[in-house]
Amino acid sequence: MTEDRTADERLAGGRPRPHDAWFRARVQEALDDTAGDLSDDQVNARLAARREAALRRAGGV
């Protein structure tokens with residue numbers, strides 16, 4: 001057993017659990033992502049637009 005195994009994997013009989021494999025793949029995908037970073041203002045503007053759209057769909061605006 002290698003040292004990078006988690007306690008949860010050891011409890012699963014030495015086999016990684018499905019969620020662990022999924023999570024590790026998502027982390028690696030994020031590390032490999034070469035897309036540019038977004039500024040705080042860009043993120044806030046995108047979230048505001050999504051909130052407004054959700055409220056419109058819900059009939060709140």
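Valine 27 is partly exposed, at 35% relative accessible area (buried is under 20%, exposed over 50%, partly exposed in between; 1.4 Å probe, protein chains only). Valine 27 sits in helix 2, residues 18–32. Helices (H or I, at least four residues) and strands (E, at least two) are DSSP runs, numbered from the N terminus.

Trp22, Phe23, Val27 and Leu31 make up a nonpolar surface patch with about 420 Å² of accessible area together. Patch residues have over 30% relative accessible area and no salt bridge; like charges are joined within 9 Å, nonpolar side chains (Val, Leu, Ile, Met, Phe, Trp, Tyr) within 5 Å. Areas come from the Shrake-Rupley method with a 1.4 Å probe; for residues, only the protein chains shown count as cover.

## Model basis

This is a predicted model: local features need pLDDT of at least 70, side-chain atom pairs pLDDT 80 or more, while totals for chains, interfaces and linings use all residues. Residues are numbered from 1 along each chain as its sequence is written, and side-chain values use heavy atoms, without hydrogens or water.

## Salt bridges

There are 2 salt bridges (a Lys or Arg side-chain nitrogen within 4 Å of an Asp or Glu carboxyl oxygen). Aspartate 20 pairs with arginine 24 at 2.8 Å. Aspartate 20 is buried at 16% relative accessibility; arginine 24 is partly exposed at 37%.

Arginine 26 meets glutamate 29 at 3.6 Å, N to O. These two are 3 residues apart in helix 2, about one helical turn.

## Overall fold

The protein has 3 helices and 0 strands. Of its 61 residues, 8% count as buried.
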